[in-house]
Amino acid sequence: MQVWGRVFGFTSVAMLFAGIAAQAQMIDNTQAPNTAKAGINKSLLDEIGAGRGDVNTAGSSVFIINRDPFRSIRRGRQLFQRKFTRLQGQGANEKDGVGDINNDLAIGAGLSDSCALCHGRPRGSAGVGGNVVTRPDSRDAGHLFGLGLKEMLADEITTDLRSTRDLAVTLAQQMKRPMTLKLVSKGVKYGSITGNPDGSVDTSKVQGVDADLRVKPFFAEGSTISLREFVVGALHNEMGLEASADPDLLTASAGGRVVTPSGMVLDGSKDKISAPPAPDADNGNEIDPTIVDHLEFYLLNYFKPAHGQPSAIADHGRKVFQKAGCTSCHVTDLTINNDRRVADVETVYDPAKGIFNTLFATATPLYHEVDDGSGQPHLKLPLGNSFVVTDILADFKKHDLGPNFYERNWDGTLQKQFLTRPLWGLGSTGPYGHDGRSMTLNDAILRHGGEAQASRDKYAGLGASEQIALQTFLNSLLLFPPDDTASNLDPGDPAKTGFPQFGHGSIKLTVLFNDPTDPE
């Protein structure tokens, strides 16, 4: 932790880079030089560096992730915001929008030049998901705050549920009769499963998850397992960029087992892993695996949402939320057993330190250093401790919320079940619903039916003050712009010339690089 302890000695260095904060889509300074020096400082070839490599290949993604992890996070953020050019392979996307959309959903996607075009929240370009692959009536891309926490929780829940399934079979074989066990993970109930002496299982009583017991945390309907699949799929579907040579997805989709550079296990013998897209007809493979490595590591470590201004009304609203039964699906806190991140950022209302937006972020290290005797910089590896994810407000289950939330599929069928969307950050994410069809929180709540009918009716029966209190609580769960939010890494200085364009503070990962004088 000695390196982390030196961070405050780098404050002056951080200020040198205060004018190059990345915001939404970003240009490449090596392609479009500008007087303000605002943009991405490294060319795409520099970001690719020495390829994937290994922990001893300087400049490779594996080397950087393991020895200079905060540079990898920052590089992933810059790649996320990069405006890819046609020469770099951007566009056209899936079949150039022409074909049988009934059987190829990706044809419905718009064309983007950066990840941030759709996922620009809480500010910046778009941010309402107008380009995402989706159904005819759904156009609301969720924010990506806390995405790595979601992947880890879903993966651990899957492990728990499958362990219970295997135990049911083992007991059935020992007892020579069917054995039924409850499926519970992290306090959330997923029904029950029956193991049979012949090794088969009865999944008819499983609730909220597919019969294979794999929790898929990504996309509204819960259809994708991992960040890596999410990234490669989005590059193809929305940007026309083909990561066709991705070694991890090639291996896992063919039935093999891999551990990605971010520590996610993909096992094709247990799960159906999405294969990477075919090579581009003209350019072949367009995305080096190292780009996906940095994007995956960035999203694994991406900050969780903030808590806004506390108040007695919001505190009362939290209690109303619980009494109405909303927490039966929107579970408040969930615990990760093995946290693969290298840091956590806690962002809260602080009008004294939050000099630009009344929020202040505190970064805490979650890694340990290892001298492997190679003569290279020390390994900086995740501690792997448990971590309580507070106010995520989700249960990682699929639910039927009634016809008001149903959506048409392109083939004319109806999508009826959707994964509970975490409510953290809700105060910054209107319009509401996975489809963005509710303009107010009140509309979104009253739209609930099906499994949530009882809670919806309790809310509808509340007095106006109680409803407002509940909404105030939800509106206190905020997103924030990391480059404009002061932190213990860059507290900011209101007295700085040019404030607030300069000196507003930020979550400045640059100060945690092995070489903070070499910005991304």
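Student: Where does Lys 186 lie?

Tutor: This is a predicted model, in which local features need pLDDT of at least 70, side-chain atom pairs count only at pLDDT 80 or more, and totals for chains, interfaces and linings use all residues. Residues are numbered from 1 along each chain as its sequence is written, and side-chain values use heavy atoms, with hydrogens and water left out. Phi of Lys 186 is near 55 degrees, a positive value in a residue other than glycine. With helices (H or I, at least four residues) and strands (E, at least two) taken as DSSP runs numbered from the N terminus, Lys 186 lies in the loop between strand 1 (179-185) and strand 2 (188-195).

Student: Are helix 5 and helix 9 roughly parallel or roughly perpendicular to each other?

Tutor: The axes of helix 5 (residues 69-81) and helix 9 (residues 289-300) cross at roughly 105 degrees and come within 7 Å, where axes are lines fitted to C-alpha atoms over the stretch in contact and angles run from 0 to 180 degrees between N-to-C directions. Angles under 35 degrees count as roughly parallel, over 145 as roughly antiparallel, 65 to 115 as roughly perpendicular and the rest as oblique. Helix 5 and helix 9 are therefore roughly perpendicular.

Student: Which residues of helix 13 make the contact with helix 10?

Tutor: Helix 10 (residues 312-323) and helix 13 (residues 464-475) pack at about 105 degrees with axes 7 Å apart, and the pair is therefore roughly perpendicular. Counting contact as heavy atoms within 4.5 Å, helix 13 contributes Glu 466, Ala 469, Leu 470, Thr 472, Phe 473 and Leu 474.

Student: Which element gives the most to the lining of the second largest pocket?

Tutor: On a 1 Å grid over the protein atoms alone, a pocket is an open set with protein on both sides within 12 Å along at least five of seven lines, a cavity is a set of points where a 1.4 Å probe fits but cannot get out, and lining residues have an atom within 4 Å of a point. The second largest pocket has a volume of about 280 Å³, and of its 14 lining residues those closest to the centre are Asp 155, Thr 159, Arg 162, Arg 214 and Lys 270. With seven residues, the element that gives the most is helix 6.

Student: What is the volume of the second largest cavity?

Tutor: The structure holds seven cavities of 30 Å³ or more, a volume being the space filled by probe spheres set on grid points joined across faces, edges and corners. Strand 8 gives the most to the lining of the second largest cavity, with three residues, and the volume of this cavity is about 90 Å³.
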